[in-house]
Amino acid sequence: MWTYISRRLFQALFILLIITGVCFLLTHYSADPMSQYANKQGMTAADRAAIAHSLGLDQPLPVQYVKWLWFALHGNLGDSFFSRQPVLTLIQQRLPLTLILMVTSEIFIIIISLILGIVSAVKQYSAIDNIITSFSFIGYSMPIFFIAFGLMQIFAVQFKAWHLPYLPTGADIWNPKNIPALARHLVLPVSCLVIIQVAGYSRFLRSSILEVLGLDYVRTARAKGLSARTMLYKHALRNAALPFITIIGLDIPFLLGGALVTESIFAWPGMGRLFWEYAQRGDFPVVNGVLLLTGSAVVFFTIIVDVLYTFVDPRIRLS
Amino acid sequence: MKRSMFFLVSLIALTSLLLAACGPAATTVAPATVVPPPPPPTQAATGCSPAVGTAAIPFPTGGKTVTVAFSQEPDLLSGLFSSMSFAQWITQGILVGLATWDANNNFIPELAVEVPTALNGGVSADGLTITWHLKPCLYWSDGQPLTSADVKFTWQVEVDPGNAVYSRAGYDQITSVDTPDDNTVVLHFKSLYPGWQTLFTSGPNNQGSIQPMHLLQGKTNLEKEPFTHWPTISSGPFVITDWIAGDHLVMLPNPNYWKGHPKLDQILIKFVPDPETAKAALKTGDVDFVPDFAESDLADLPALEPAIHTRVDAGPEFEHYLFNMGVKGTGVGQSDYEGFCPFKNVDVRKAIILGIDRQTIVDTLLFGKTTVPASLWPNSYWYNTSLTPYPYDPEQAKTLLENAGYTVDTKTGYRHGMCNGVDTKLSFNFETTTKQLRKDMAVAVQGMLAKIGVEFKPIHTPSGTFFGNYASGADMATGNFDMAGYTTGFYPDPYTDGFLCSTVVSNQNQGGDNNYHICDPALDALFAAVNASADPATRKIAVDKVQQYMFDNALVIPIYARANVMSYTDRMILPPTSVISGMMGDMFDWDVK
């Protein structure tokens, strides 16, 4: 196994190199950071040239990339073009709040998906299955911004109008002395992410369990006289969970990237907003820093998931 | 199964803990490291003393606070280094200049006793020497005296090549700064600089806020200095005491501000990127004031009355369409690309202006909340009020085009005619950004111009590409376009560089500002007259002539004066706001009922 992991890690380095190169090119051609200074009366050509020089933008693109890569290999992702702060500092400022939002959401997503998926599969074609299926389709088909604004309108604006306790709309989220306020701010964005994700995941798990329940070894287990509970949890669910674990495993790296729409609507100061706000201005160091982080996480967690398979399914051998 | 699920959940939790541990304990933006200042001079030594202590006045229980929503977080809180409006608005409350502009656009003193004039001896007869007198007993919020040495230091920061300042324009025309005493600053210019009012003062695009010498002296690359990102001391009414990245920023009163305690005890600025969220926050009272709604938000903001009021101030910036007048060549005033040939004919340009119903655009897309300007610099001292915008007159437009030799092709419905010996169809591209309002306007204009036989073909490009520089190959910068549309900014002084032969953008002059590609010696001469005097009254006459010439020759199409759209809850008292200084310029006078 260690040989396999070493080989995968070596491949990962090569993949990351390609990812950084492609991202660097794409970000450079998506927006010109100097466009911020276009049409600014009072700025002279010399002023613009001095700023471009201070940002290193007067150097050829390959030189810029090699320099960036060299510093990145030494743990320095450079400074933001606009806030002039180290990119690592900016990421460190946003990552904890993104993780609070995304990990909380992911835990709820896993738990609720498991419950709904299992209930829906075991009670196939029952009233409860139909209800879960209907709500899943509704959740799956609605755009996230619609759910977000709908929840905000009801639980913030209307509840306030009805003189009921209401939830905050967003921002002013982080105050280390006021954790209950942070929890209140979490309710709406987490609900939003959970509604969207649970809809798909529970359907996926339901199909997976139903497929396993129809296999020969489950019938054999029934014939042996195992209880339905033992059969489901010890035999069926274990096999049905494999593809589910794959999906969740691949989700984990994206937890670091945040949820752009949800973070923007609920003014959550996370990684998604950091990426988008700086990408709009053509701030390459920040954009490439975030892409390097999420790209590395994707590569790393893909390896983890592959290794995890061997624990869940002893039939799988890595070589 | 249990084992794998437990493993998975543990993995997520561990990962989050590990990564969270990589971050700081809280997400507070790092403030500048402040070296404890030496004790402030005693009253006996200077005749003055700081008003109250040296720390920001804390928010008292039951104090008055206003919560503001900004759609963007500022990058650097220094006008010297940031071009971002949100940064400049906050900076105007913490690092002020010698003078500013009031709600009536009057140039008024801030840290200075009075604004220099020829009458009070502040402006020398030849205009080459400007003398400012600071108010007595000025202090930074940390208790250190604010003196003429700080003004001189600010000039040194501006001209130091080690600092990547936003603009050196004007500062590089100063040869020396004398400080005969703590309250007197004498600026010596090497040549007449008519826009001297933009130096060391606070306005749009000219953040000349005074920098604290006692904190920054001896440092270079100040754009990377923590103080530049988050100034920890203040010369304005408020001090920033807390800033959580991406979340909020807290401003408390500066105990040493020369005007005294502002009417509020705290301003809390939240960063709310989505305008719909900002509207919801206004409704719930989570925020009191949103200063930067887009004009398109006017569709539903009035419906929020009476709980939420909306104010629309038409400002000096304006959306305009411009003709590419370029002449291909490599000489001074020539371009890489030839402009659209028919645009060289003034009657064609006039016909296009007459064929666009700008008032209907304002009435429908902007809900009638702003105006159609006739010329440059609307709603400012420099605007030529004698001009009346061209009316919407499609019949006259058709006549002008017929007389210019452009007749309608009955097959296509569009006109064509001979231009420089070539049969040319009146069909051209129009380039602008992807902003929805611009898309809506372009569709409207397309329909209007089709009625007079002109084909108008919009191309929408993301602003990061549209406004790219020459090296990036952007069409606007290289001059590879027929017609374009965007908002032209406002500098609190008539800005002349954008129309001169010497600034036409080309391969030989890649940093040029003249995107109109106009090279007209008569216009150059008129602009030269604007810059021939330091006296505002004399210059106003010259500026009026420039506008008259541009109007007569239909050189640009002003579409509408950009509106500052701000909404605030009924509990907030928002005094009249200067359209020059910006939406946050009067925060000293903000109050709540």
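Good morning. Helices here are DSSP runs of H or I with at least four residues, strands are runs of E with at least two, and both are numbered from the N terminus.

Before I continue, a word on the source. This is a predicted model, in which local features need pLDDT of at least 70 and side-chain atom pairs count only at pLDDT 80 or more, while totals for chains, interfaces and linings use all residues. Residues are numbered from 1 along each chain as its sequence is written, chains are lettered from A and ligands numbered from 1 in the order in which they are written.

Let us stay with H6(A), residues 144-161. Its expected span is 1.5 Å times one less than its number of residues. Just after the helix, His163(A) has a positive phi of about 60 degrees.

Which residues of H6(A) are buried? They are Ile147(A), Ala148(A), Met152(A), Ala156(A) and Val157(A). A residue counts as buried if 20 or more other C-beta atoms, placed from the backbone, lie within 10 Å of its own. Their cover includes helix H7 (179-213) and helix H10 (260-265) of chain A, together with H7 of chain B.

Chain A as a whole has twelve helices and zero strands. Its C-alpha trace spans about 85 × 65 × 35 Å along the principal axes, and 43% of its 319 residues are buried. Two residues are in contact if their C-beta atoms, placed from the backbone, lie within 7 Å. Among the contacts in chain A with a separation of 6 or more, 71% join residues 24 or more positions apart.

We now cross to the other chain. In H7(B), seven of the ten residues are buried, among them Thr277(B), Leu282(B) and Lys283(B). The buried residues of H7(B) pack against H6 and H10 of chain A, and also against strands E1, E10, E11 and E18 of chain B. Gly285(B), just after this helix, takes a positive phi of about 85 degrees.

Finally, the strands of chain B. Strands pair if DSSP finds at least two bridges between them. Three strands form an open antiparallel sheet in the order E12-E13-E14. E12 (407-408) and E14 (422-425) of chain B stand at the edges with a single partner strand each, so one side of each has no neighbour in the sheet. Four bridges link E13(B) and E14(B), and His416(B) has Lys425(B) as its bridge partner in E14(B).

Elsewhere, strands E15 and E16 of chain B run parallel, joined by seven bridges, with Ser427(B) opposite Glu455(B). The chain passes from E15(B) through helix H11 (436-450) to E16(B) in a right-handed β-α-β crossover; right-handed means that, with the strands pointing away from the viewer, the path from the first strand over the helix to the second runs clockwise. Thank you.

Methods: A residue is buried if 20 or more other C-beta atoms lie within 10 Å of its own, exposed if 12 or fewer, and partly exposed in between; C-beta atoms are placed from the backbone.
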